[in-house]
Amino acid sequence: MSFSKRLPNKVIIKAQKGDKFAITQIYHEYKSAILGLSYRILQDSYAAEDILQQVIEKMMNKITSLKDPSKFNGWLKTLTYRASIDYVNKKSKEVNSDSLDELDSDYSVSQEVTSYDIEKYLEILNERERIVVILFLVEGTSHNEVAEKLDISEVNSKQIYRRAMNKLKELALKQSYSGVMQG
């Protein structure tokens, strides 16, 4: 299930009226989409589970404010983005930049990848870089929109993207990540 599949509007309208069955149906239909998107951003299955619960709770509390049921998919996807980004922002405030630098310098790229594996590449990026790459490159969001979602400047979004792409380019040139087996 992805955010592109649409539930009938009548299910959304019933959920807006507090119908527990409709809410349960929404949960089951969108669970994997919410988990997938939040996992791609966070690279943490436990955090993605937490995001799922937060998004469903927000959806239940705010669905009555949704004016047009046909826009439900985009609205739920936005809730998922925001919850994931809030998680990253909260986490980054808990960890100061010095300890992040130490973590980055201690990170060793020793895994051998024998085929093109985007998930392995994305694991190398820090959370903010991963979010910008996913939003811009995978989801097709403009840098202006990325900047708004992350509460940063558009220039900063472009710099983060450029830095992330340079990391990925360097990584792709390494034999152990290029799919070329060392003899």
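This is a predicted model: local features need pLDDT of at least 70, side-chain atom pairs count only at pLDDT 80 or more; totals for chains, interfaces and linings use all residues.
Colleague: Thanks! Are H7 and H8 parallel, antiparallel, perpendicular or oblique to each other?
Modeller: Helix H7 (residues 127-138) packs on helix H8 (residues 143-150) with axes 10 Å apart and an angle of about 140 degrees. Roughly antiparallel would need an angle over 145 degrees, and roughly perpendicular covers 65 to 115. The two helices are therefore oblique.

Colleague: Which residues of H8 make the contact with H7?
Modeller: H7 passes H8 in a right-handed crossing. On the H7 side, the contact uses Arg 128, Ile 131, Val 132, Leu 135 and Phe 136. By class, the contact has one polar, two charged and six nonpolar residues. The H8 side consists of His 143, Val 146, Lys 149 and Leu 150.

Colleague: Now to Tyr 87: is it buried, exposed or partly exposed?
Modeller: Tyr 87 sits in helix H4 (residues 72-94), and its relative accessible area is 24%. Buried requires under 20% and exposed over 50%. Because 24% falls in between, Tyr 87 is partly exposed.

Colleague: What does Tyr 87 contact, leaving aside its neighbours within four places in sequence?
Modeller: Ala 48 lies 39 residues away in sequence, with a C-alpha to C-alpha distance of 9.8 Å from Tyr 87. With those sequence neighbours left aside, the contacts of Tyr 87 are Leu 42, Asp 44, Ala 47, Ile 51 and Glu 127.

Note on methods. Residues are numbered from 1 along each chain as its sequence is written. Side-chain values use heavy atoms; hydrogens and water are left out. Helices (H or I, at least four residues) and strands (E, at least two) are DSSP runs, numbered from the N terminus. Buried means under 20% relative accessible area, exposed over 50%, partly exposed in between (1.4 Å probe, protein chains only). Contact means heavy atoms within 4.5 Å. Axes are lines fitted to C-alpha atoms, for helices over the stretch in contact, and angles run from 0 to 180 degrees between N-to-C directions. Angles under 35 degrees count as roughly parallel, over 145 as roughly antiparallel, 65 to 115 as roughly perpendicular and the rest as oblique. A crossing is left-handed if the near helix is turned anticlockwise from the far one by less than a right angle, and right-handed if clockwise. Ala, Val, Leu, Ile, Met, Phe, Trp, Tyr, Cys and Pro count as nonpolar, Asp, Glu, Lys and Arg as charged, and the others, Gly among them, as polar.
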